[in-house]
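Here are my notes on this model, written as numbered points. Have the viewer open while you read.

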Amino acid sequence: MSDRDRKSRFKGPKTGGRGGDRDRERHGEQPGKHPGKPQGGRPAWRDREARGGGKGHGKGDGPVILYGWHSVTMALANPQRRFRKLFVTENVARRLVDEKIDTRVPPELVHPGDIDRRLGPDAVHQGLLAEADPLPGLHLDELPQDGIVLVLDQITDPHNVGAILRSAAAFGVRAIVTTARHSPEATGVLAKSASGALELVPIVEVANLHRALGEMNEAGFLTVGLDSEGQNDLSAVPLHAPLALVLGAEGKGLRQLTRETCSVVARMDMPGKIKSLNVSNAAALALYIGTSRLGLMG
C-alpha cells in the first residue's frame with residue numbers, strides 16, 4: 001500500500017482481479033469451488049466509490065469497511081456496531097450458520113473475486129466483507145480513572161495503529177487517545193490489523209494533544225512519554241494509576257510540545273545492539289511493563 005492509500009479508504013472497483021482457484025483458500029474458499037455470482041447481476045457496491053467513515057470511531061457519514069473473519073465476527077458480536085451491508089462467499093455463509101453467528105443483516109452471497117476487486121488483490125478478506133457505521137467514541141472527560149490509557153501522537157500508519165489496538169485489547173487498556181488529524185481512519189487496513197480489537201478498545205479523538213495531555217495531568221493521570229532518549233528507564237520509573245503511556249510516530253517520535261507536557265519521559269533499555277523498536281512493538285513492551293508494575297496482570 002502506498003503512502004497515498006494509508007488513510008485506509010475503501011478502494012474503488014478494479015478491472016481484472018483474480019479468478020479460478022488461485023488463492024481461494026486465502027478467501028475462505030476451497031480450491032475448485034466456484035460459488036455462484038449474486039442474483040440480479042453485478043451488485044451496486046461494485047459500481048460506486050466507497051470511503052471509510054470519519055476519523056476514529058465517531059465521525060463521518062460514510063461506512064466503515066470491515067473485512068476478514070475476526071474483524072467482522074467481532075463486530076457482529078458488538079451490539080454498539082450498526083451494520084449496513086454484509087457480503088459473504090458460499091463457504092463463509094455455511095461457516096456462519098455452522099457457528100451460529102447472528103449476521104444481524106441479510107448477507108449477500110458473492111464470489112471471492114468480487115471482494116478482491118473491491119478491496120484490491122492484497123487484502124486478506126477470507127471471504128467476508130462488511131459495511132457498518134462508525135462506533136461512538138469517548139470524550140476526554142469520560143476516560144476511566146483506573147488502569148492504563150494509550151496516547152498516540154500522530155501515528156499515521158494504519159498497520160501500526162491496528163497492531164497497537166490489538167495489543168491494547170490484550171493488555172486490558174481502557175482507551176486510546178489520538179489526534180483527530182494525522183491519524184488513520186478506523187476502517188479497512190486498520191480494522192483488519194486490529195483483528196477485532198476495534199470493537200473492544202474505546203477511542204478518544206482530540207483536536208489538540210498538548211491541551212488534552214494537560215487536562216489528563218490535571219485529572220490525576222501519570223503521563224509517561226516513551227522516547228529512546230528518555231532520562232529514565234521505564235522499568236525504574238514509579239508508576240501509578242491512572243497511567244497514560246504516550247507514543248510518538250515512528251521515525252519522528254514525540255513532538256517537542258508533547259514531550260514537554262508529559263509528566264515523565266522514559267526510555268526502554270534493551271540489551272541488543274538495536275536500541276529502538278517498531279512503534280507497535282514498543283507499545284506492547286511498554287504495556288507489559290506497565291501492567292506488571294501496576295499489578296494488573298492477574
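What order do the strands of the open 4-stranded sheet have? The points below start there.

1. Before the answer, some ground rules. This is a predicted model, where local features need pLDDT of at least 70, side-chain atom pairs count only at pLDDT 80 or more, and totals for chains, interfaces and linings use all residues. Residues are numbered from 1 along each chain as its sequence is written, and side-chain values use heavy atoms, with hydrogens and water left out.

2. The open sheet of 4 strands has the order 1-4-2-3, and its pairing is mixed. Strand 1 (64-67) and strand 3 (108-109) sit at the edges with a single partner strand each, so one side of each has no neighbour in the sheet. Strands here are DSSP E runs of at least two residues and helices are H or I runs of at least four, both numbered from the N terminus; two strands pair if DSSP finds at least two bridges between them.

3. Strand 2 (residues 83-88) and strand 4 (residues 128-132) are antiparallel, with 5 bridges.

4. Helix 3 (residues 112-119) lies across strand 1, strand 2 and strand 4, at about 50° to strand 4. Axes are lines fitted to C-alpha atoms, for helices over the stretch in contact (heavy atoms within 4.5 Å), and angles run from 0 to 180 degrees between N-to-C directions.

5. Thr73 is in helix 1 (residues 69-76). Is Thr73 buried or exposed? Thr73 is buried, at a relative accessible area of 14%; the cut-offs are under 20% for buried, over 50% for exposed and partly exposed in between, with a 1.4 Å probe and protein chains only. Leaving out residues up to four places away in sequence, Thr73 touches Leu96, Ile101 and Leu128.

6. Now for strand 6 (residues 175-179): 5 of its 5 residues are buried, so the rest of the structure largely encloses it. Ala175, Val177 and Thr179 point one way, Ile176 and Thr178 the other.

7. Strand 6 runs parallel to strand 5 (residues 148-153) over 4 bridges, and Val149 has Ala175 as its bridge partner. Another 4 bridges join strand 6 to strand 7 (residues 203-206), also in parallel; there, Thr178 is partnered by Glu205.

8. Strand 5, helix 4 (residues 158-170) and strand 6 form a right-handed β-α-β unit. Strand 6, helix 5 (residues 188-194) and strand 7 form a right-handed one too. Right-handed means that, with the strands pointing away from the viewer, the path from the first strand over the helix to the second runs clockwise.
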